[in-house]
Amino acid sequence: MAHKKSKPTILKFDSEEDVAVALAKYTADLSEKYIRDKGSFSVVLSGGTLIDTLRKMVEPPYKDSVDWSKWLIFWVDERVVPLDSDDSNYKLACDGFLLKVPIPSGNIYAINDKLSPDGAANDYEARLKHLVESKIIPISDASGFPKFDLMLLGMGPDGHVASLFPTHQQRYEKKRWVTFITDSPKPPPPRITFTFPVINSSSEIAMVVTGADLANTVKIALGGGLEPGSTPLPCMEVSPEGGLTWFLDKDAASKL
Ligand SMILES: O=C(O)[C@H](O)[C@@H](O)[C@H](O)[C@H](O)COP(=O)(O)O
């Protein structure tokens with residue numbers, strides 16, 4: 001079922017450092033709220049620069065104040081490579097974040113790296129279905145898709161989010177929860193990715209976008225700069241059931 005788009009909150013900061021500070025506070029506040037309300041906090045990570053921008057979470061005060069034992073970690077997209085490869089989003093997150101805080105290892109849902117992209121997508125979707133059946137992840141009443149508490153998304157200069165690229169059909173998937181791509185324009189080519197129905201069933205989404213190379217895309221997404229008649233960029237389709245917050249540094253916001 002389609003839902004009404006809520007207006008995004010657009011936060012602009014003087015520096016990337018200020019984005020990192022604000023993102024940590026936002027994430028820690030949501031962690032407290034969701035753990036209080038429902039006993040756990042499901043967080044869906046991206047790869048790319050996001051993990052570095054999350055660096056303040058593993059420092060005081062959050063390192064000690066967040067109830068990490070209640071966190072559940074997923075990936076909105078993952079490269080289908082060995083989990084110990086430098087290309088793996090899992091490895092990136094482990095090295096920069098997850099190994100520095102006491103999240104139980106059983107709460108960290110990495111892909112099965114022994115499978116093909118198709119197989120890994122099916123396997124991840126089956127594991128999500130099992131978590132829904134076990135009532136660990138709820139289903140959105142509005143959409144019928146799984147509902148995560150917080151997704152932290154990056155964006156590419158072409159406007160992709162997760163591994164949903166402008167000219168690839170995966171962005172239009174309406175039934176699957178997780179799909180795959182074998183020819184990602186951003187290397188490495190084989191990936192799995194959540195689909196938009198799952199992304200948009202989230203309670204909260206943060207779009208974390210820093211750097212001057214993304215300023216044009218931010219302008220198109222938020223400043224109404226899309227050429228008449230052209231297809232919207234994937235980043236423009238992000239519309240969660242709860243709040244959407246854009247975290248921009250001065251460079252990324254420079255064309256707004
Ligand atoms: O696997 C990946 O590469 C990411 O999950 C991807 O979706 C990322 O979030 C964007 O490409 C933005 O990347 P940057 O933050 O590095 O610009």
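Modeller: Lys135 is exposed, because 8 other C-beta atoms lie within 10 Å. The cut-offs are these: a residue is buried if 20 or more other C-beta atoms lie within 10 Å of its own, exposed if 12 or fewer, and partly exposed in between, with C-beta atoms placed from the backbone. This is a predicted model: local features need pLDDT of at least 70, side-chain atom pairs count only at pLDDT 80 or more, and totals for chains, interfaces and linings use all residues. Residues are numbered from 1 along each chain as its sequence is written.

Now the backbone. Phi of Lys135 is positive, near 60°, and the residue is not glycine. Lys135 sits in the loop between α5 (117–133) and β5 (150–153). Helices (H or I, at least four residues) and strands (E, at least two) are DSSP runs, numbered from the N terminus.

Ala162 also has a positive phi, near 50°, and is not glycine either. Its place is the loop between β5 and β6. Ala162 counts as buried, because 29 C-beta neighbours lie inside 10 Å.

Two other loops hold cis peptide bonds. One runs from Pro60 to Pro61, with omega near 0°. Pro61 lies in the loop between α2 (50–53) and α3 (62–65). The other joins Pro187 and Pro188, with omega about -5°. Pro188 is in the loop between β6 (178–181) and β7 (191–194).

Back to β5. This strand belongs to an open sheet of six strands, in the order β1-β9-β8-β5-β2-β3, with parallel pairing. Two strands pair if DSSP finds at least two bridges between them. The edges are β1 (9–13) and β3 (71–75), and each pairs on one side only. On average, neighbouring strands of the sheet are turned by 20° against each other, direction ignored. Here axes are lines fitted to C-alpha atoms, for helices over the stretch in contact, and angles run from 0 to 180 degrees between N-to-C directions.

Lys12 has Leu248 in β9 as its bridge partner.
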